[in-house]
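Please keep the sequence and the structure in view while reading.

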Amino acid sequence: ERVQFTLPEGRTLDLSGGWNRSFSARSEPDASRPGNATFNTIIDGRGAGAVVGIDCRGHVALRGFVVTGGGDPGPAALGVSVSQFGAVEIEQNLIWGNRVVTGGPGRGIVSIRLRDTGHLLFKDNQVLDNSMEATTSGSHANGGVGVFAVDRAVAELRNNRFLRNQVRAPG
């Protein structure tokens with residue numbers, strides 16, 4: 001299922017995947033065998049838009065998930081989408097097997113937008129085997145992976161792997 005939420009200012013939400021049924025042990029997604037960690041927590045968009053959408057003014061952490069099945073997102077991003085004034089940590093996730101076909105700019109496999117004093121930490125993620133196909137000339141702008149920081153926003157990208165992702169466009 002897709003995960004979409006808004007977090008108001010001053011609130012904290014920590015989403016952590018990869019736990020066993022009794023929450024006594026945790027494992028990280030395995031890039032060598034996508035979706036085959038010891039304990040998987042899969043967020044599957046089933047081809048119906050952005051898999052994870054976060055609109056945050058507080059503090060959000062998203063860790064240890066397999067994010068897959070993103071499809072044509074309309075105005076949202078594919079995979080992980082963040083629009084926020086707060087702080088967001090996206091760590092140790094496998095963003096895999098998402099596909100989008102689009103006729104407009106500003107969409108992609110991972111699209112992150114920060115405003116004002118927003119802060120993003122995108123760390124130790126694996127973005128593998130995703131694709132985006134633009135249907136009109138110029139519609140591939142910002143396809144793939146894009147981070148947009150305006151005003152005093154800060155984006156940190158550390159130790160991520162981006163492999164076998166494709167963006168196709170006419171002309």
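**Strands, surface and salt bridges**

Q: How many strands are there in the chain?
A: This is a predicted model. The chain holds zero helices. Its count of strands is 18.

Q: What share of the contacts with a separation of 6 or more comes from residues 24 or more positions apart?
A: The chain has 171 residues, of which 46% count as buried. Among contacts in the chain with a separation of 6 or more, the share from residues 24 or more positions apart is 81%.

Q: Which strands are the edge strands of the open sheet of five strands?
A: The sheet has the order S3-S6-S9-S13-S17, with parallel pairing. An edge strand pairs on one side only, and this applies to strand S3 (42–44) and strand S17 (161–163).

Q: Which residue stands opposite Phe 162 in S17?
A: Strand S13 (residues 126–128) pairs with S17 in the parallel sense, over three bridges. In this pairing, the residue opposite Phe 162 is Val 127.

Q: Is Leu 157 of the nonpolar patch buried, partly exposed or exposed?
A: Leu 157 belongs to strand S16 (residues 154–158). Together with Val 145 and Phe 162, Leu 157 forms a nonpolar patch on the surface, with about 240 Å² of accessible area. Because the relative accessibility of Leu 157 is 43%, this residue counts as partly exposed.

Q: Why is strand S4 described as largely enclosed by the rest of the structure?
A: Strand S1 (residues 3–7) runs parallel to S4, and five bridges join them. Val 3 stands opposite Val 52 in S4. Strand S4 (residues 52–56) is largely enclosed because the number of its five residues that are buried is four.

Q: How many residues apart in sequence are the parts tied together by Glu 89 and Arg 63?
A: Glu 89 and Arg 63 form a salt bridge, with their closest N and O atoms 2.4 Å apart. Arg 63 is buried, at a relative accessible area of 19%. Since Glu 89 lies in strand S8 (residues 87–91) and Arg 63 in strand S5 (residues 59–63), the pair ties together parts whose separation in residues is 26.

Q: Which residue forms a salt bridge with Asp 129?
A: Asp 129 is partly exposed, with a relative accessible area of 31%, and lies in the loop between S13 and strand S14 (131–134). Its partner lies in the loop between S17 and strand S18 (166–168) and counts as exposed at 52% relative accessibility. The N to O distance is 2.7 Å, and the partner is Arg 164.

How values were computed. Residues are numbered from 1 along each chain as its sequence is written. This is a predicted model: local features need pLDDT of at least 70, side-chain atom pairs count only at pLDDT 80 or more; totals for chains, interfaces and linings use all residues. Side-chain values use heavy atoms; hydrogens and water are left out. Helices (H or I, at least four residues) and strands (E, at least two) are DSSP runs, numbered from the N terminus. Buried means under 20% relative accessible area, exposed over 50%, partly exposed in between (1.4 Å probe, protein chains only). Contact means heavy atoms within 4.5 Å. Patches are made of residues with over 30% relative accessible area and no salt bridge: like charges are joined within 9 Å, nonpolar side chains (Val, Leu, Ile, Met, Phe, Trp, Tyr) within 5 Å. Accessible areas come from the Shrake-Rupley method with a 1.4 Å probe; for residues, only the protein chains shown count as cover. A salt bridge is a side-chain nitrogen of Lys or Arg within 4 Å of a carboxyl oxygen of Asp or Glu. Two strands pair if DSSP finds at least two bridges between them.
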